[in-house]
Each structure stands twice: as structure tokens, then as C-alpha cells.
Amino acid sequence: MVFDVELEVYNFTLPDKLSFVPEMNAYGTADPYKSYDYYKLAHENRTCLNRLPYNWTGKPAFAPDVKDGVFDWEKWDERIGPLLDGSAFKDMKRANEPVDVFYLPFNENWPVSVFQHFKPSYWADEAFNIEYGKKMKNDFQAFADHFREQRWFDTIFQLYLNNKITYRGKNDSSSAPWHFDEPVNTQDFWALRWYGKLWKDALSKKRDPRLKMWFRADISYSEFGRNILWGITDMEYIGGNNQQKTRMIHDRQVLNGPVRFAEYGSANRIDQSNAMTLLWCLSAWFKGADGVLPWQTMGTKESWKKADQNAIFYPGPEGPMPSLRLKAFMAGQQLIEYCTIFCDLFGVSRQELKQIYDKMVKDNHGIVDPAFVSRFRSKLAGKISDLAPAYRRSWYDWGNIRSKKGRPITLKYVTPSPEIKSNTPECNDFSPL
């Protein structure tokens, strides 16, 4: 059987550095100390794998060794360095482009033991002794110094606290005294604020504008946070984003200065159209987001036999294999590049481009299907191609956001009387096990 194929080549090239990051979150399987296979597959598909390096106990799977209180960087530089200077991808498309984002191994129990420096309290700044904060700050500075020496200026390094106190019900060695991930209660947000201020205080002494070391938080209950994290987080990942949460982010940007955000959730189900994942990328970008993140992406051997809604990567006999949904994330990322280039060339904002998009949807009787998305992409590509822009490595500024308005606001609290227990009872009983 013979098919006629008509190929249209546009007169521009997509950037090698991503302007919008579909971040492939992972909690296991992918281990850069053993192999770069999963990282390479993500890179090939214009996404970025970001594997959390520690577990509920705070023990990192990959981190610099600590000898006599000093970091030994030899193994870290040998195995992690190629991801951060791009040499891990030297023989691929987007050659030598480093990973966009990377979780740091820091957490409440590494490299300083939380159990040795903690006393039960509702508020984090009353719970930790001075020695704990001092040691953590010194270690934060040691990482910044080393990264500066290595000139790892392209990757966004994230201090991200993922653990939750409720894990102690599943693992007695779990080290989190509060809900760091998806905080719920005021003391949870306050604990994030305490670590964030510690992080910023440590890095401000040797600030290098080229170095991107950001404090990140994953927030699903934005309405409970009030303004506790204003001026603290460099980037927030918003779960279940809706109009209210988007409005709260935009209000915060007006009142307290710029803050970056991304959306986290899940890719489309296997029995749903993959266009949903592409449209998730587009919807998030229109709202002002810098990326999307499916909360889990690693499949297992069983994923080949039974539908696994979280499997974006499948293990294969000769290395990981991509799902069609990974291809959908790539298509979404590429479409955002078209949008970004179009806005730059024609001097329009995301909101103005969305008005053009919405009009096209209206003219298409409100139908948004793969054929419509293809027409939208072709329209953008045609307009860009007419101007034939020269290649740029990047069309988006990922620099650190600094604003006088965006400083942490002064907040105070009243310590509950001893007979008043926390909303999270375990916090009052937290102790070494």
C-alpha cells in the first residue's frame, strides 16, 4: 500500500533550552548514580526527569558523602555532574543541554538529624535549637559554593521538602514533624516558611545571580496558606489548579511581587484522549505557569500487563521505553514553544494570545479536538515562519526573580497554651524512635 505524504517545513528552529518544562516527577526507579537512561529518554522527548533523592526517613539515595562534617564531592561530581553540565546528553538532540530542574537531597533529616535537635512545638522556630539552623545554613552555603565553582548556572536546583508527618503511621522512622508536602494547617505553612527563610538567609551572603537555587513548595490547599509564604517560595507547584487558585497567584504577584508557579496533577488516563495532556500544557501556560508536573511517572513490569495510569515511562529489556502520553507531553511542550516565539516576535502577551485562541475555539463551535489543535499550531507556525527568525538557544528568561516588593512580610504568632493540642496530634508527640 502506498500513501502520498505532503510535508511542510517551516522556516524556524525550536530552542534547545525549554521555555516551558513538562517535569517528569519520580520517587524511585531512575537512579543517576546507576544510569542516565530515564533522563535521556525524558530529554529526547523535550521533558525533564526529576527524581526525588530521599525517602520518608530523609535518607538520600544519591547525595554527596559526608566525612567529618565535610562534603566529599567526588562521586557526586562524577555521576551527577554530567546531568548538570549537559555532557550526559552529548550525543543527542539538544546536545549538551543540562537538565532544567533538579531536586537537592536536603530535607528535614539530612544532612542534619532532626531527631537530635527537635523538641515538640506547634511552631518550627520554637521546635529547633540554634545548632540545627546553623548547621543547615552552613550546608546550604557549601552546596552553593560548590555549584558556583562548577559553573552549574543553567539548572534550577530545588530545595523541596516532600515528607509528611502522617507517614509515621506507615513507617515509624519517618522524620517529618509536619506536612511539608501539601501543607494543611497553619503550623505546616509556618514550618515551610522557617526553612525557606533559613535557605534565603544562607544564600544571600554569597549571592551569585547566575546560580539558580530556588525554594520550592507543592501547595494543594492554597486557600489555607494566607500570606505565610509570600516572599519565601521562589516557585510553587499548584495542585488541582482552578480559577480561584489562579486568581490567588495573580493577586499575590500584584501585591507582593513576582512568583513563578507550575501545575501538578496527572496525565490523562489510558482510556482517554492523549490530547488532554497536550491541552493541559496549553491551559497551564495561558494561566501564566512555567510548567506542568505529573506526580508519578515510573511504570513497573506489571504496567505491561495491567493498565497503569501513572506509567509515563515503561521498563524495557534494553532500557526504558516511552508511553504515548510522554509523546503528548512533548507535543504540548513544542506547542508552547510556538506560543512563546509568537508572543516574542509579535509583541503580544499570553493573555492576548489566549484571546486569539478563544476566538478560534468559538469559530470552531466550541470544539477543541486534535484537528483544531493542529490548525492552531499551523497558524502560529505559519506566522512565525514568515518572519524566519534566527535560532535562539532560549526564548524565555529563567533568571532569578528579585523584587523589593517580594520580600517576606513580617508575621508574628501567639503560642497556644500547653493544654491546646495541635490540629496534627502527632506533632506534639514527635520524638526519636
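## Overall build

The protein's secondary structure amounts to 13 helices and 12 strands, where helices (H or I, at least four residues) and strands (E, at least two) are DSSP runs numbered from the N terminus. This is a predicted model, so local features need pLDDT of at least 70 and side-chain atom pairs count only at pLDDT 80 or more, while totals for chains, interfaces and linings use all residues. Residues are numbered from 1 along each chain as its sequence is written, and side-chain values use heavy atoms, with hydrogens and water left out.

## Inside, surface and charge

Of the 433 residues, 54% count as buried. Here buried means under 20% relative accessible area, exposed means over 50%, and partly exposed is in between (1.4 Å probe, protein chains only). Among contacts in the protein with a separation of 6 or more, 72% join residues 24 or more positions apart, a contact being heavy atoms within 4.5 Å.

The protein exposes about 20500 Å², and carbon and sulfur atoms supply 51% of that area. Accessible areas come from the Shrake-Rupley method with a 1.4 Å probe, and for residues only the protein chains shown count as cover. As for charge, the mean positions of the 58 positive and 54 negative charges are 3 Å apart. Lys and Arg count as positive and Asp and Glu as negative, without His and the chain ends; each charge is placed at NZ of Lys, CZ of Arg, CG of Asp or CD of Glu.

## Asn109 and its loop

Let's visit the loop between β5 (101-103) and α4 (124-127), where Asn109 is found. Asn109 counts as buried because its relative accessibility is 17%. Its side chain reaches the backbone oxygen of Thr57 at 3.0 Å and the backbone nitrogen of Val114 at 2.8 Å. Both are given as polar contacts: pairs of N or O atoms within 3.5 Å, where within protein one must be able to donate a hydrogen and the other to accept it, and residues adjacent in sequence count only if both atoms are side-chain atoms. Leaving aside neighbours within four places in sequence, Asn109 is in contact with Thr57, Gly58, Val114, Phe115 and Ser175.

Pro111 is also found in the loop between β5 and α4. The peptide bond leading from Trp110 to Pro111 is cis, with omega near 0 degrees. Most peptide bonds are trans.

Phe102 sits in strand β5, and it is buried, with a relative accessible area of 2%. Beyond its neighbours within four places in sequence, Phe102 has contacts that include Phe62, Trp76, Ile80, Leu83, Leu84 and Ile156.

For a helical example, look at Gly196 in helix α6 (residues 186-204). Gly196 counts as buried at 0% relative accessibility. Neighbours within four places aside, Gly196 is in contact with Phe215 and Ile232.

## Loop residues to look at

Which residues have a positive phi although they are not glycine? Arg226 has a phi of about 50 degrees, and Ala388 has one of about 45 degrees. Most residues other than glycine have a negative phi. Arg226 is in the loop between α7 (222-225) and β8 (235-239) and counts as exposed at 59% relative accessibility. Ala388 lies in the loop between α12 (370-387) and α13 (425-429) and is partly exposed, at 36%.

Ser323 lies in the loop between β12 (321-322) and α10 (324-346). It is buried, with a relative accessible area of 7%, and touches Ala311, Ile312 and Tyr314, leaving aside neighbours within four places in sequence. Arg210, in the loop between α6 and β7 (213-219), counts as partly exposed at 40% relative accessibility. Not counting residues up to four places away in sequence, Arg210 touches Arg151 and Phe153.
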